[in-house]
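Visitor: I have a structure open and I want to learn how to read it. Where do we begin?

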Amino acid sequence: MIFDIMVFMRVLVVEDQFALAHTIKTGLEDEKFAVDVLHNGKEAYEQASVEEYDVIILDRMLPEMDGITICQKLRAEKVFIPILMLTARSTADDKVEGLDAGADDYLAKPFSFNELLARIRSLIRRATTNEPTLQVDSLVIDPKTHIVKRAEKEITLTAKEYQLLEFFMRHPNQIVTREQITNHVWDYSHDSMSNTIEVLVKRLREKIDKAFPNEKLLFQTIRGMGYKVAG
């Protein structure tokens, strides 16, 4: 099943203007993004260093650590998450400085939400255009089109089922904890004590393992630790 490229993405918004940060978060959530928001540069740098995001929307002027420094430090540490820098400073020199620091795009304030969304789409397309398919045993997914096949037969998944499966497929033969799933597939407002993850894993098992009795079972529950998709 083919989904819009915008779905299943996790975004970090770093903006110290609370009202603007809230507006961006609300708009992106309406577009089916999972969105985390931070207002402090140092906290943003620390989180972006260890968490997986598909795009970072980064204000240039931030308390404790500015956006230019965050870009430079992340790129020096080989963190290549696409970064869209926001700023009220819109001269050519300012833009060059931001891009030279490692930002992938630069958007001057004030801006329309539609333009922000278009820039995000462009960054996501750029990041995924040459991405190879992911495969474990006879299960194959294409991150560009979100088509899922097992033993050459296409499988229809819901948006959240696909997002969870892709996360598993990016960590083959690795134990994935509930916390990791919650942090990537949902934003931090998700209730980690709910049984949503268990329900989705059960559905994936039914569609990917039980529906293919002649194929190897791929989903494993590691008691007390999490789940694993192993070929």
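Guide: We begin with angles. An axis is a line fitted to C-alpha atoms, and the angle between two axes runs from 0 to 180 degrees between N-to-C directions. Keep in mind that this is a predicted model. Now the case here: helix α3, residues 67-76, lies across β3 and β4. Helix α3 runs at about 165° to β4.

Visitor: How many bridges join β3 to β4?

Guide: There are 4, between residues 55-59 of β3 and residues 83-87 of β4. The two strands run parallel. Look at D59, which has L86 of β4 opposite.

Visitor: What is the strand order of the sheet with β3 and β4 in it?

Guide: Read it as β2-β1-β3-β4-β5. This is an open sheet of 5 strands with parallel pairing. At its edges stand β2 (34-38) and β5 (105-108). Each has a single partner strand, so one side of each lacks a neighbour in the sheet. On average, neighbouring strands here are turned by 20° against each other, direction ignored.

Visitor: Next, empty space. How do I find it?

Guide: Rolling a probe the size of a water molecule over the atoms shows where empty space is left. In this structure, a search of the whole finds 1 cavity of 30 Å³ or more. The largest cavity holds about 30 Å³ of space.

Visitor: Which residues line the largest cavity?

Guide: Find L12, V14, A44, Y45, A48, I56, L58, I70 and L74. Two or more lining residues come from each of β1 (10-14), α2 (41-50), β3 and α3. The largest share, 3 residues, is from α2.

Visitor: Now the other sheet. In what order do its strands come?

Guide: The order is β6-β7-β8-β9, an open sheet of 4 strands with antiparallel pairing. β6 and β9 stand at the edges with a single partner strand each, so one side of each has no neighbour in the sheet. Neighbouring strands are turned by 25° against each other on average, direction ignored.

Visitor: Which residues take a positive phi in the hairpins?

Guide: The hairpin of β7 and β8 has 4 residues between the strands, and H146 takes a positive phi near 65°. The hairpin of β8 and β9 has 2 residues between the strands, and A151 takes a positive phi near 50°.

Visitor: How do I read the two faces of a strand?

Guide: In a regular strand the side chains alternate between the two faces of the sheet. In β8, V148 and R150 are on the covered face. I147 and K149 are on the uncovered one. Also, α6 lies across β6, β7 and β8, at about 110° to β7.

Notes. Residues numbered from 1 in each chain as written. Predicted model: local features only at pLDDT ≥ 70, side-chain atom pairs only at ≥ 80, totals over all residues. Heavy atoms only, no water. Pairing = 2+ DSSP bridges. Contact = heavy atoms within 4.5 Å. 1 Å grid on protein atoms, 1.4 Å probe; cavity = no way out; pocket = protein on both sides within 12 Å on 5 of 7 lines; lining within 4 Å. Points joined across faces, edges and corners; volume = space filled by probe spheres on them. Buried < 20%, exposed > 50% of the residue type's maximum accessible area, 1.4 Å probe, protein only.
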